[in-house]
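Dear colleague,

Please find the structure we discussed below.

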Amino acid sequence: MESTFSSPAEAALEREAGVPGLPTPLADLDRVYELERIVGFVRDLGCQRVALQFPDQLLGDAGAVAARLEETTGSKMFILGDTAYGSCCVDVLGAEQAGAQALVHFGPACLSPPARPLPVAFVLGQRPVSLELCAKAFEAQNPDPKAPLVLLSEPACAHALEALATLLRPRYLDLLVSSPAFPLPVGSLSPEPKPLERFGRRFPLAPGRRLEEYGAFYVGGSEASPDPDLDPDLSRLLLGWAPGQPFSSCCPDTGHTQDEGVRAEKLRARRRYLVERARDARVVGLLAGTLGVAQHREALAHLRNLTQAAGKRSYVLALGRPTPAKLANFPEVDVFVLLACPLGTLAPHPSSSFFRPVLAPCELEAACNPAWPPPGLAPHLTHYADLLPGSPFHVPLPPPESELWDAPDVSLITGDLRPPPAWKLPDDPGCSALTPRPQLELVESSPAALFLSSRSWQGLEPRLGQTPVTEAVSGRRGIAIAYEDEGSS
């Protein structure tokens, strides 16, 4: 039963650790992993125990990096090489188990705030960027020098955006440079004016300006994998960016550009289809996809309230990383909602292999909240924290007497008229007579029982009173591979 609903312990030892990267030469460790900055981070805090979190592709350098840091700082280093959900989130639980006083995260990161206060330093890496090729590609893709544009990049290319902007600013007058939204050090004051934080980045907008006014130029990706589904960071940008604004990407190695408008529309169409599936669903499975990101408990309670208000049943499932084999054990669930960080929610997984679709929290909000979306909102919110009270994007549920609950709704998948929520009882003050029922009826049943009643085969039939009574007889002896009454072959 262990392997049915959770991954067995042996799977962690037998699992392929992704695509192993080439070991970094020892002479380049200081530059690639920014060890000088990390040494200053550890010494400033005075930590004696530090956790080092590596993704699978960087585990080959983990031992050398830990040895170099221990030799320089004198502190004890612990390597966190396998996380329960995703390597992009800070594994505060693993750091606490090791008794670490601080954590250093290497590789791509979602930059989501951790659930528990812990000093964290991020090392995103420094991928080489051909500035001249990218500048020429930018000018060819955006001939209007007055158009408002934002420079974006994958995390490993963020170090080159300011240098790229220096080459472009003599010609382009309204150019904005984004930067990773690293958490502020403990006790530090936020800058004034506070920049806008979206998509794990900070945007220094001028007063009165809105991000929806800007087009985007993204530096990152590779020509070998042009599919945006392979890059959850680019996927959340394409989904959340204003549909009417241009969005193009550029390979930092070759300067090859591509208009992302068509792929963005395909991603939005896929998300709209998932919203329709959620509206048709009667049973929703809420997958706990993170335990280390802040406000995950509040988000889980919010999603449960959504499903209850929409007349749906919800079940909370804690299964670790979702796999088709795990989710196939719950055939009565119509859709699953993965509650994880933005990159974990959009992480590539073969949708065709899952028995039921896996949604993001924003899609469940759009399906269950009739007041969603408010005017002027971006088409897709990538972080569940944007749906909670206190966020500028939070939309409260309408009161029960609101007419929004009575609006006719037709499924775009089945073509049937969707019934109102189960709690929305008909209210007719002119009718006060009681209608007798000819027989007792089962008003409510569990989703599992309803699903079982709809199946053609429901298990062994008892057939009580229909089977003739006979004396007990001796059955076959032996094991299935060789019964005693079978001849030897």
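The notes below begin with conventions and then turn to the findings.

This is a predicted model, in which local features need pLDDT of at least 70 and side-chain atom pairs count only at pLDDT 80 or more, while totals for chains, interfaces and linings use all residues. Residues are numbered from 1 along each chain as its sequence is written, and side-chain values use heavy atoms, with hydrogens and water left out.

Overall composition

The protein chain comprises 15 helices and 18 strands; these are DSSP runs numbered from the N terminus, with helices being H or I of at least four residues and strands E of at least two. Of its 489 residues, 41% are buried, where buried means under 20% relative accessible area, exposed over 50% and partly exposed in between, with a 1.4 Å probe and protein chains only. Among contacts (heavy atoms within 4.5 Å) with a separation of 6 or more, 70% are between residues 24 or more positions apart.

Helices H9 and H10

Helix H9 covers residues 232–240 and helix H10 residues 261–280; their axes come within 9 Å and cross at roughly 80 degrees. Axes here are lines fitted to C-alpha atoms, for helices over the stretch in contact, and angles run from 0 to 180 degrees between N-to-C directions. H9 and H10 are therefore roughly perpendicular, on a scale where angles under 35 degrees are roughly parallel, over 145 roughly antiparallel, 65 to 115 roughly perpendicular and the rest oblique. H9 contributes Ser235, Leu238 and Leu239 to the contact, and H10 contributes Ala264, Leu267, Arg268 and Arg271.

The 20 residues of H10 should span 28 Å at 1.5 Å a residue, and the 29 Å between its end C-alpha atoms agrees with this; the expected span is 1.5 Å times one less than the number of residues. Buried residues of H10 include Arg263, Leu274, Val275, Glu276 and Ala278. The buried residues of this helix pack against H9, strands S11 (247–250), S12 (257–259), S15 (335–339) and S16 (358–359), and helix H14 (361–368).

Leu343 is located in helix H13 (residues 342–345) and counts as buried at 10% relative accessibility. Setting aside residues up to four places away in sequence, Leu343 touches Cys88, Ala109, Cys110, Pro232, Asp233 and Arg236.

His383 belongs to the loop between H14 and helix H15 (447–453). With 16% relative accessibility, His383 is also counted as buried. Beyond its neighbours within four places in sequence, His383 is in contact with Ser112, Val293 and Pro342.

Cysteines

How many disulfides does the structure hold? There are zero disulfides, a disulfide being a pair of cysteine sulfur atoms within 2.5 Å. Cys362 is buried with a relative accessible area of 5%, and Cys368 is buried with 2%.

Positive phi angles

Glu34, which is not a glycine, has a positive phi of about 50 degrees and sits in the loop between helix H3 (29–32) and helix H4 (35–45). Phe199 has a positive phi near 55 degrees, and is likewise a residue other than glycine. Phe199 lies in the loop between strand S8 (196–198) and strand S9 (201–203), and is buried with a relative accessible area of 5%.

With kind regards
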